[in-house]
Amino acid sequence: MSAYEQFQSHIAELSDVLNAISILKWDARTMMPKGGAETRGMQLATLTRIAQEHFTGEKTARLLDAAEAEVAGDDSDSYRRRAVEQTRQYYEIIRRIPLDLVSDKAALEPVSEHVWAESRRDNDFKRFAPYLQQQLDLAKRQADAVGYQDHPFDALVFEYEPSVNAAKLKVIFGELKQGLIPLLNRIVAQDSPLPRNLWEHEYPLDKQKAFGLEMAQKIGYDLDRGRLDIAPHPFEISFTRNDVRITTRYNLNYFPQALYGTLHETGHALYEQGVDPSLTRTALTIDFLGKYPVGGTSYGAHESQSRLWENQIGRSRAFWNNHFDRLRSYFPAQLAGADPELMYRAVNRVKPSLIRVEADEVTYNLHIMLRVEIEMGMLDGSMKVADLPEIWNSKMKEYLGVVPPNDSQGVLQDIHWSGGGFGSFPGYTIGNIMSAQFLQAARRDVAGLDSSLDGGDYMPLLNWLQQNIYRHGRAYSASELLQRCTGSDLTVGPYLSYLEQKFTDLYRLS
Ligand code: ZN
């Protein structure tokens with residue numbers, strides 16, 4: 001075996017352990033009876049420790065040294081060389097994180113999440129505040145251990161979105177806000193109520209599931225390598241490209257919840273299923289810092305695909321022109337009198353609201369920016385934990401024009417901070433921005449792309465995405481992918497003009 005092959009077979013074993021961990025997690029979130037929780041926790045802790053020891057041990061260092069020497073002459077873009085370089089980069093970072101910090105984080109997480117859930121239920125921010133402070137202190141220790149130049153946020157966002165930092169995000173968010181807030185104000189002033197009586201009917205869940213799966217397959221989800229289950233918090237998870245599962249949740253009246261949840265997770269799944277088979281069990285399908293197997297290159301890149309398929313395709317006029325009849329064949333009585341245009345308008349209703357996960361395309365990013373600004377403020381000390389409810393509410397007023405009546409619907413609504421997930425929010429907005437840049441590039445490259453989408457043929461788009469994005473796994477960073485596909489880095493122009501066009505038309509704004 002060559003030095004690279006020996007290195008690769010060592011990484012393949014790590015990949016196997018991480019995939020086994022993921023399967024146990026999928027099971028815990030979908031199928032496991034309540035009684036299994038305690039022993040499942042032990043199984044996960046054991047396997048996680050095995051993975052950690054496998055990766056940080058001396059053997060990895062030895063194999064890496066030898067593999068580096070062997071691939072030094074390879075093309076700098078080659079998968080082999082990228083796999084070795086990335087393993088080296090993360091090997092060094094992970095060794096900088098002290099073991100007592102890792103165990104302090106692991107010990108705090110379940111307690112802190114539990115207290116958060118109760119505080120949210122009882123609308124009691126003061127009870128959660130000391131735990132949030134502890135999570136914040138751990139996050140600062142993590143940032144110091146990993147290292148950063150300008151802002152502690154940079155070290156944390158690196159885990160999710162290595163191509164951005166606080167300074168870059170402030171510029172991007174500033175530009176986005178300048179476009180979004182005026183657009184939102186015009187929509188709100190227009191006050192053209194869209195139809196709501198559609199959701200007064202009941203839509204049996206088995207039919208919702210059947211229609212959702214049909215649409216998922218239409219856009220390219222391969223059920224021989226996938227399946228759809230129910231979960232209270234929908235997610236996609238992959239155990240190599242050959243087994244990529246999604247979940248959704250159902251609302252008996254409001255079927256778009258399950259449909260768009262399914263399309264969103266299918267977007268993530270298409271990315272994973274589209275990874276080049278040669279990358280299976282390699283470093284280019286592992287998130288070393290997060291310790292889980294994944295083919296997509298960053299949170300933002302991944303989210304660009306879920307958003308593209310959910311919103312730019314699934315919430316388009318063409319989508320409903322093509323698939324409304326099929327939907328009505330499942331729900332003839334409920335949809336009597338409805339038509340494609342009505343459905344298109346109904347699933348694109350813009351309304352400033354309190355809850356991020358229910359937000360529409362125009363207001364969604366404002367929810368994210370508020371959170372990211374608060375994270376940065378907490379980390380650099382310009383915002384104190386005790387003041388967060390007030391800061392939250394005043395930002396909600398400024399950006400969205402609504403003020404939460406209580407902290408449960410305000411600063412306590414998201415689970416992220418209770419688990420110490422500082423730095424993960426930007427990925428959602430970066431994903432939205434990237435999705436428009438990618439779609440613009442696909443339109444430039446694929447002749448007649450819009451007429452195939454208008455005809456309900458998604459394969460030309462899927463092929464372009466697979467060729468330019470999916471197949472590379474984690475070989476290239478999000479900003480390298482953008483450069484390769486579009487010739488520029490992250491830029492808000494295409495996304496803002498997409499929103500501007502769509503909602504100017506929908507709301508008949510002048
Ligand atoms: Zn997502």
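1. Two rings of Phe, Tyr or Trp (for Trp, the six-membered one) count as a pair when their centres lie within 6.5 Å. Keep that in mind while looking at this predicted model, where ring pairs link W199, Y203, F211, Y254, F255, F319, W320, Y330 and F331 into a cluster. By the pairing rule, the count comes to 23 aromatic pairs.

2. Let's zoom in on one of these pairs.

3. Now try Y330 and F331. Their ring centres are 6.4 Å apart and their planes make an angle of 45°, so this pair is tilted. Y330 and F331 are buried too.

4. Next, the metal. Which residues coordinate the zinc ion? They are H264 (through NE2), H268 (also NE2) and E303 (OE), at 2.1 to 2.4 Å. Along the chain, the donors follow the spacing H-x3-H-x34-E.

5. Have a look at helix α10 (residues 256-273), which holds both H264 and H268. These two are 4 residues apart, or about one turn of the helix. H264 has a relative accessible area of 10%, so it is buried; H268 is buried as well, at 9%.

6. Finally, a couple of charges over rings. R245 has its charged end over the ring of W26, 4.4 Å from the centre. Likewise, the charged end of R307 sits over the ring of Y364, 4.4 Å from its centre.

Technical notes:
Residues are numbered from 1 along each chain as its sequence is written. This is a predicted model: local features need pLDDT of at least 70, side-chain atom pairs count only at pLDDT 80 or more; totals for chains, interfaces and linings use all residues. Side-chain values use heavy atoms; hydrogens and water are left out. Donors are N, O and S atoms within 2.8 Å of the metal (3.2 Å for Na, K and Ca); water is not among the atoms, so sites may look incomplete. Buried means under 20% relative accessible area, exposed over 50%, partly exposed in between (1.4 Å probe, protein chains only). Rings of Phe, Tyr and Trp (its six-membered ring) pair if their centres lie within 6.5 Å; planes under 30 degrees apart count as stacked, over 60 as edge-to-face and the rest as tilted. A charge sits over a ring if NZ of Lys or CZ of Arg is within 6 Å of the ring centre and within 35 degrees of the ring normal.
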